[in-house]
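Here is a friendly briefing to read alongside the model. Have a look at the structure first, and then we can walk through it together.

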Amino acid sequence: MNRFTLPRDLYYGKGSLEFLKTLKGKKAILVLGGGSMKRFGFVDKVLSYLKEAGIETTLFENVEPDPSVETVMKGATAMREFNPDWIIAMGGGSPIDAAKAMWAFYEYPETTFEDLITPFNFPTLRTKAKFLAIPSTSGTATEVTAFSVITDYEKGIKYPLADFNITPDIAIVDPELAETMPPKLTAHTGMDALTHAIEAYVSTLNSPFTDPLALKAIHMVFDYLPDSFGGDMKAREQMHYAQCLAGMAFSNALLGIVHSMAHKTGAAFSTGHIPHGCANAIYLPYVIQYNAKNAESRYADIARSIGITGSDAECVSQLCEKINEYNKKLNIPATLKEFGIVEEEFLEKVDEIAKLAVGDACTGSNPRPITPEQMSQLLKCTYYGTKVDF
Ligand code: FE
C-alpha cells in the first residue's frame with residue numbers, strides 16, 4: 001500500500017496572505033527566522049490579518065539557519081505555555097522546519113529526537129494544533145513536504161525527520177514574499193527545486209501521482225529561473241509555484257544521491273559551507289550520468305518534456321548539457337574545484353564523505369545502487385569535472 005499526502009489547502013497568488021483574515025481558530029503562535037519578514041512588513045500584515053480573524057497571537061522569533069535542538073525545545077516550551085490551536089511558520093526553510101519539530105514536542109513532551117528519526121513513525125499530531133506554513137524562499141518547499149531537518153550541534157549530527165504527520169495543513173504560497181530574495185539565493189534555491197523534481201521523477205518511488213507534478217516543475221524551472229534570477233518578478237512568481245510543485249512530488253516520491261552528496265559535503269570542508277542548492281546544482285549532471293545506466297528512459301522523458309529530441313542516450317547527454325548551461329548562466333561553478341575546495345583536503349576526506357553519503361536517507365530511493373567506492377569515484381568526477389563512465 002502506498003500513500004500520497006499533500007496539505008489540505010493551498011492558497012496562492014499575490015496577496016494570498018490575506019487568507020489569514022478568515023482563518024478559524026483561537027490562538028496562534030507565529031514562528032519566524034532572523035527578521036527579514038519583519039523588515040519587509042510581512043509580520044505586521046500577518047498580525048493585523050489574524051487580529052481581524054479574532055485570533056490571539058504570540059511570536060516566536062529568531063530561529064537560526066539550520067535550526068538547533070535547543071531552538072526546537074524552546075519553541076515547544078513556548079507553545080505549551082501559550083497553548084495555541086494554530087502553529088503558523090513563516091520564512092525560509094529553517095523556521096518552518098523548526099516549527100514542525102516544535103509541533104511534535106508540543107503535543108508529545110515526552111518524545112525524543114531518537115524516537116522521531118525513525119522514518120514515518122511519528123505519533124499522531126493535530127491533537128492540540130494545526131499547522132500553516134508560509135514560505136519566503138523558492139526552493140525547499142517545506143510548506144508542502146513531510147520533512148524537516150534539525151541539527152544537534154553538540155553531537156554534531158543532523159536529524160532528518162520524515163513523516164506525513166508533519167505535512168502542513170495549509171500552505172500560503174504568496175509570491176510577494178519571494179520578491180525579497182537576493183539573486184544568489186534565487187539561483188541556488190531554484191536549482192534545488194530543479195533537483196527535487198528530477199530526483200523525484202527518477203526515484204524508485206516515482207508514481208503516476210508524482211510524475212506530472214515533477215515534469216511540470218522541471219518545465220517551469222527551465223522556463224523561468226534565468227529571468228527570476230535577473231529580477232523579473234513575473235518569473236519569480238512562477239518559480240515560487242514551480243518549487244512548490246516539485247515539493248509535492250518529492251514529498252511523496254523522495255529524492256536520490258544528489259541530495260545524499262549535498263547533505264554530506266555541505267559542511268565538510270574548511271574553506272566554507274557549500275550552500276545546499278549550489279551543491280545540488282554542481283552534482284546533478286554527474287549523478288544523471290551515473291544513474292542513466294538504470295534510468296536512461298526516465299531522464300529521456302524529462303529531456304523530451306522540455307523539447308530535446310533524439311535517442312534516449314542523446315536526450316540524456318543534452319539534458320546534462322542544458323543543466324551545465326543553466327549553471328553557467330546562474331554563476332554556479334561546474335566543479336567542486338572551481339567552487340574553491342582545496343584539492344589536498346578534498347582527497348583526504350573524500351572516502352569518509354563517500355561512506356557517509358551512501359548512508360544518507362536519500363540514497364535508498366536512488367534509481368541505481370551505489371557502493372562507497374563508486375561514490376568516492378563519483379565525487380572525484382565532480383571535483384575535477386571528469387566524465388562519469390562507470
Ligand atoms: Fe533540497
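Predicted model: local features only at pLDDT ≥ 70, side-chain atom pairs only at ≥ 80, totals over all residues.

Residues are numbered from 1 along each chain as its sequence is written, and side-chain values use heavy atoms, leaving out hydrogens and water.

**The domains**
- Domain 1 spans 9–178 and domain 2 spans 183–384, with bounds from an automatic or database domain assignment.
- Their C-alpha centres lie 27 Å apart.

**The interface**
- In contact (heavy atoms within 4.5 Å) are 22 residues of domain 1 and 20 residues of domain 2.
- About 1,700 Å² is buried between the domains, 66% of it from carbon and sulfur atoms; this is the accessible area (1.4 Å probe) that the two parts lose on being put together, summed over both.
- Ser 138, Gly 139 and Phe 147 lose the most area on the domain 1 side, together 28% of what that side buries.

**Helix α10**
- Of the 9 residues of α10 (residues 257–265), 7 are buried, so this helix is largely enclosed by the rest of the structure; buried means under 20% relative accessible area (1.4 Å probe, protein chains only).
- Helices here are DSSP runs (H or I, at least four residues), numbered from the N terminus.
- Among the buried residues are Ile 257, Met 261 and Thr 265.
- The buried residues of α10 pack against α7 (183–202), α11 (276–305), α14 (343–358) and α15 (372–384).

Technical notes. Buried < 20%, exposed > 50% of the residue type's maximum accessible area, 1.4 Å probe, protein only. Helix = DSSP H or I, 4+ residues; strand = E, 2+ residues; numbered from the N terminus.
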